[in-house]
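Dear colleague,

Please find below the structure that I am handing over to you. My notes on its charged pairs and its nonpolar cores follow.

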Amino acid sequence: MKYLSGVNITDFKSIPDHDENSYTFIDDHIGTNEVSDRDFTHLLKLLESKPDRLILEYIRCESIKEYQNSVMMLPVWAIYSAYEINTVVPYTPCGPKYSIFNFIINKDRGNRRRLLEQLIKHNLYTDTYTLCWDSGLGNYPSKYWGNEVPVGQNFIRNNTNENNKNSKIYNAFLRENVFEPSYISIITEPEWFRHDTFITEKTLFAFESQTLPIWFGGYNIPYYMKDIGFDIFEDIIDHSYQNLLDPYKRMDYSIIKNKHLFENINILEKFYQDNIHRFESNRRLLRENILTGYIDRELIRFNHWSESVKNDIRKIYKRFF
């Protein structure tokens with residue numbers, strides 16, 4: 001197996017010619033310049049000559065749609081994050097809800113800056129959020145974990161290199177101070193510019209904390225979350241933004257289409273109380289790691305791959321079964 005990740009994620013030239021018992025796994029979202037198709041353009045050129053036995057950490061990749069039958073899609077990080085949550089976070093009842101919405105921003109990306117701009121434009125404010133850099137927007141100053149700033153920063157520094165750091169941070173701070181008190185989670189996944197579907201722990205924390213998910217920028221994420229079995233609450237949330245081709249409209253309309261929810265906590269409180277079993281069901285599905293269903297689907301879809309390659313993939317994910 002050839003493995004590309006981190007700073008080498010786009011080292012496509014190093015991908016070897018595959019025989020029937022080899023493959024390459026590209027582990028992360030592709031593209032350091034997030035408002036450019038440059039990296040995917042290089043990948044497309046590679047696929048013209050080496051189309052077989054490539055695995056991407058996506059749920060769906062429209063950028064290379066002509067090669068969908070040659071590229072396996074496995075949302076590895078999300079599957080592992082669900083495993084982490086089950087291992088690290090106690091499965092205890094959610095705390096009381098009192099805040100309309102939350103968001104977490106741990107890196108300065110284009111969609112996250114736009115989220116802050118849209119919230120201020122529509123006069124939408126919350127105290128249940130994290131912002132790990134100075135936004136330059138006074139209404140939303142940088143903020144870690146409420147009153148836990150020194151502890152929170154030290155915790156992050158001390159756990160930066162641990163594999164389960166995100167779930168530890170969630171359990172230590174985000175759960176009680178950001179997610180569980182909220183009715184809505186605004187989710188800013190890292191892949192937002194292209195028409196590709198990529199999820200991380202940010203989506204999973206929304207289900208774990210029994211909140212209503214609204215994705216700010218992700219392409220067709222609601223569709224695929226529903227497809228795998230999660231309730232995306234279409235009877236109260238308008239997810240029609242999800243497949244807009246313009247990434248900026250896709251972001252903005254996720255707020256505009258649902259603005260009435262951000263302005264009336266009474267609607268949210270009643271909906272939550274009347275439908276708490278649905279929120280609990282989402283959390284249970286996450287705990288059962290329903291996302292492993294993507295592994296089964298892809299192994300069936302690529303049944304023509306050699307048994308040695310498929311067994312290798314099964315071994316990678318055996319901890320999740």
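Are Lys202 and Glu201 buried or exposed? In this predicted model, both residues are buried. Lys202 and Glu201 also form a salt bridge, with 3.3 Å between the closest N and O atoms.

A further salt bridge links Arg287 to Glu208, where the closest N and O atoms are 2.8 Å apart. Arg287 belongs to helix H11 (residues 276-287) and Glu208 to helix H6 (residues 201-208), so this pair ties together parts that lie 79 residues apart in sequence. Arg287 and Glu208 are both buried.

Arg194 and Asp196 meet through their side chains in another salt bridge, at 3.5 Å from N to O. Each of these two residues is buried. Through salt bridges with shared partners, Arg194 and Asp196 are joined with Glu191 into one network. Over the whole structure, the search finds 16 salt bridges.

I turn now to the nonpolar cores. The largest has 73 residues, and the members that touch the most others are Phe101, Phe103, Ile184, Ile186 and Met225. Beyond its neighbours within four places in sequence, Phe101 is in contact with several residues, among them Leu119, Leu124, Tyr140, Ile184, Ile186 and Phe262. In soluble globular proteins, nonpolar side chains tend to be buried together.

With kind regards

Key:
Residues are numbered from 1 along each chain as its sequence is written. This is a predicted model: local features need pLDDT of at least 70, side-chain atom pairs count only at pLDDT 80 or more; totals for chains, interfaces and linings use all residues. Side-chain values use heavy atoms; hydrogens and water are left out. A nonpolar core is a set of buried Ala, Val, Leu, Ile, Met, Phe, Trp, Tyr and Cys residues joined through side-chain atoms within 4.5 Å. Buried means under 20% relative accessible area, exposed over 50%, partly exposed in between (1.4 Å probe, protein chains only). Contact means heavy atoms within 4.5 Å. A salt bridge is a side-chain nitrogen of Lys or Arg within 4 Å of a carboxyl oxygen of Asp or Glu. Helices (H or I, at least four residues) and strands (E, at least two) are DSSP runs, numbered from the N terminus.
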